[in-house]
Amino acid sequence: MEYRRMGKTGLQLSVLSFGSWVTFARQTDDQQNDRLMSLAYDAGINFFDNAEVYSNGLSEEMMGRILKQKDWDRSSYVVSSKAFFGWKGADKKPNQHGLSRKHLTEACHEALTRLQVEYLDLYYCHRPDKNVPVEEVVRTMNTLIQQGKILYWGTSEWSAAEIVEAHAAAGRLGLEAPAVEQPEYNLFNRQKMEADYLTIFKNLGMGTTIWSPLASGLLTGKYNNGIPEDSRLALEGYGWLKDRALAQDKLNRVEELGKLAVQLGVSLPTLAIAWCVRNPNVTTAILGATKESQLLENLKALEVLPLLTPEVLTQINDIMQTKPFVSEY
């Protein structure tokens, strides 16, 4: 396993990590999750990603039970939570979501209880909140750091301008700014990581824990001939993923990318994941899996990295046609 420092912090994350979005409590049970997390940990993965909204808190409860049962040395792994959406579904009341001091504080306490840990290594603002002053967010996160409840705080799916605003506020207040952003990044979604955030990486030293490196499974090729019944796109409530992902032109590009993978002698998923982590601004790519065979295959992505020569990257760009325009000015 390769480890990378999270931006300009001293924290080291495995370049491949393991997350629970969609899978825990929706597709997997405790026994499966135990095997998957154990397999990940034994392979050198040290970052496990979660959030209050994942399965309305059940995902954190499941992960917490496994962490408690495994009794791994707490210093050997990194665990995260994210707050914004709340976990009470349609029944949530006004202060049970968003980035107010009240919700961020209470959501942190709830995550600690569900995950059965004394502190969170990473705590994210899961989305920006236009209704809360950024100074309130910065102060709240720093209070949680001072109380020893979190070690680093970050953002997820914030714009470059919003991240810069948070850093400016932290500078004015003499407080710690967000150290990490969690954006979507894959061969279909490249704008933020390869264009919008470039000045942030250069000037602010942000780390990234990218999600959906396989574009919700689209880049595995398993949807080329329809939607398997046991896949996440078949789950009730995830129709938005299906609508966004399954445009025919995308499937055509995935099919062509699959042919390149065959020529290289690798699987399509490992090629797609390796392509993500070859970006030096990616600290870690979060993997999701429901089967041990999937996770074992995805872990081979690091073996594919040496094959991504400039010529192969050009071929990938020609097939996908998704490279963003980056101004030189």
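Visitor: Is Ser 80 buried or exposed?
Guide: This is a predicted model, and in it Ser 80 lies in strand 5, residues 78-83. Buried means under 20% relative accessible area. Ser 80 has a relative accessibility of 0%, so it counts as buried.

Visitor: Which side chain does the side chain of Ser 80 join in a polar contact?
Guide: Leaving aside neighbours within four places in sequence, Ser 80 is in contact with residues including Phe 47, Phe 48, Asn 50, Leu 115, Leu 122 and Tyr 124. Asp 49 is also in that list. The polar contact, at 2.8 Å, is between the side chains of Ser 80 and Asp 49.

Visitor: Is Asn 56 buried, partly exposed or exposed?
Guide: Asn 56 sits in the loop between strand 4 (47-49) and helix 2 (58-70). Its phi is near 50 degrees, a positive value in a residue other than glycine. Most residues other than glycine have a negative phi. With a relative accessible area of 40%, Asn 56 is partly exposed.

Visitor: What is the relative accessible area of Asp 71, and how does that class the residue?
Guide: Asp 71 is placed in the loop between helix 2 and strand 5. Its phi is positive too, near 55 degrees. Exposed means over 50% relative accessible area. The value for Asp 71 is 65%, so the residue is exposed.

Visitor: How is helix 4 oriented to helix 5?
Guide: Two packed helices are described by the angle between their axes and the distance between the axes. For helix 4 (residues 134-146) and helix 5 (residues 160-173), the angle is about 65 degrees and the axes are 9 Å apart. Angles of 65 to 115 degrees count as roughly perpendicular. Helix 4 is therefore roughly perpendicular to helix 5.

Visitor: How many charged residues are in the contact of helix 4 with helix 5?
Guide: Helix 4 contributes Val 134, Glu 135, Val 138 and Arg 139. From helix 5 come Glu 165, Ala 166, Ala 169, Ala 170, Arg 172 and Leu 173. By class there are 6 nonpolar residues, no polar ones, and the number charged is 4.

Visitor: How is helix 9 oriented to helix 13?
Guide: The axes of helix 9 (residues 248-264) and helix 13 (residues 310-320) come within 9 Å and cross at roughly 160 degrees. Angles over 145 degrees count as roughly antiparallel. Helix 9 is therefore roughly antiparallel to helix 13.

Visitor: What is the handedness of the crossing of helix 9 and helix 13?
Guide: Residues making the contact include Leu 257 and Leu 260 of helix 9 and Ile 316 and Ile 319 of helix 13. The contact divides into 7 nonpolar, 2 polar and 2 charged residues. The crossing is right-handed.

Conventions: Residues numbered from 1 in each chain as written. Predicted model: local features only at pLDDT ≥ 70, side-chain atom pairs only at ≥ 80, totals over all residues. Heavy atoms only, no water. Axes fitted to C-alpha atoms, helices over the stretch in contact; angles between N-to-C directions. Helix = DSSP H or I, 4+ residues; strand = E, 2+ residues; numbered from the N terminus. Parallel < 35°, antiparallel > 145°, perpendicular 65-115°, else oblique. Contact = heavy atoms within 4.5 Å. Nonpolar A, V, L, I, M, F, W, Y, C, P; charged D, E, K, R; others polar. Buried < 20%, exposed > 50% of the residue type's maximum accessible area, 1.4 Å probe, protein only. Polar contact = N/O pair within 3.5 Å; in protein donor to acceptor, adjacent residues only side chain to side chain. Left-handed = near helix turned anticlockwise from the far one by under 90°.
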